Amino acid sequence: MRKPIIAGNWKMNNTVTETLTLLKEITSLDLDKEVEKVVVVPFTSAYSAVDLLKDSDIKVGCQNMYYEESGAYTGEISPLMLNDLGIEYVIIGHSERREIFGEDDNLINNKVISALKHNINPILCCGETLEERENNKQEEKVRNQLINDLKDVSAEDITKVVIAYEPIWAIGTGKTASSNDAEEMCKFIRNLLKELYNEELAEKVRIQYGGSVKPNNVSEIMEKENIDGALVGGASLKADNYAALVNFRR
Ligand SMILES: O=C(CO)COP(=O)(O)O
């Protein structure tokens, strides 16, 4: 009932030339049409990616945005700019933004609200550090993040949000959460959504797992009841790997 969504987060990788090469390779491959496919590219590649993918069913996302529409915010990109390009998804609150660039839940909440107002679907990231997991604080951490990040998001809008559970200790480390641990946290998130909204809406929200997802573990992860997609970094940067992730059912 929830359409699976596989998103490749390219992070700070690929020039425009490299973007075009990779996307041409990806579009030449046979990709499952029943899976929603997103490539989340650097801002500099967004225009070229949208143009190259205009006749394909692969959607383009960006990795961040500011919440204001315009103004004196040197170095920032606005939702109007993303709209103008035809960007459908934006990652908000990735742990790298939180940890390296000091983004807090208040800023992230403003970005989520602004993206929704401009009809861009947020992929809202949450997840705990290794220390928090070792102290069994993962649920408390994710609960606090989501309560604050989703503040004032209406019932009408919550189903447009994709939530990505990305335990920080599993990102880029080759250490994946076990599929059972990932499912347990995604189920916890769905139950929280039931509490914040209601059962019917919570059942509609798509929840992704992210953190060292690879072609060889994607099927096991995607089999889980509360996991509806994957947000993939490293493995999404090679065309055949991206195709294998999208084709997790084959
Ligand atoms: O941060 C991630 C996706 O947003 C996960 O990255 P890796 O797949 O490289 O671990």
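In strand S6, Ala164 stands opposite Gln208 of strand S7, and Cys125 also stands opposite Ala164. The model is predicted, with local features requiring pLDDT of at least 70 and side-chain atom pairs counting only at pLDDT 80 or more, while totals for chains, interfaces and linings use all residues. Residues are numbered from 1 along each chain as its sequence is written.

Strand S6 covers residues 162-165, strands being DSSP runs of E with at least two residues and helices runs of H or I with at least four, numbered from the N terminus. Four bridges link S6 to S7 (residues 206-210), and the two run parallel. Strand S5 (residues 121-126) is likewise parallel to S6 and joined to it by four bridges; pairing requires at least two DSSP bridges between the strands.

In a regular strand the side chains alternate between the two faces of the sheet. Here, Val162 and Ala164 on one side of S6 and Ile163 and Tyr165 on the other are all buried, that is, with 20 or more other C-beta atoms within 10 Å of their own, C-beta atoms being placed from the backbone.

Turning to the helices, H7 (residues 138-149) packs against H9 (residues 179-196) at about 40°, and the axes lie 11 Å apart. Gln138, Glu139, Val142, Arg143 and Leu146 of H7 meet Met185, Phe188, Ile189 and Leu192 of H9, contact meaning C-beta atoms within 7 Å. The residues of this contact comprise six nonpolar, one polar and two charged.

Note on methods. A residue is buried if 20 or more other C-beta atoms lie within 10 Å of its own, exposed if 12 or fewer, and partly exposed in between; C-beta atoms are placed from the backbone. Axes are lines fitted to C-alpha atoms, for helices over the stretch in contact, and angles run from 0 to 180 degrees between N-to-C directions. Two residues are in contact if their C-beta atoms, placed from the backbone, lie within 7 Å. Ala, Val, Leu, Ile, Met, Phe, Trp, Tyr, Cys and Pro count as nonpolar, Asp, Glu, Lys and Arg as charged, and the others, Gly among them, as polar.
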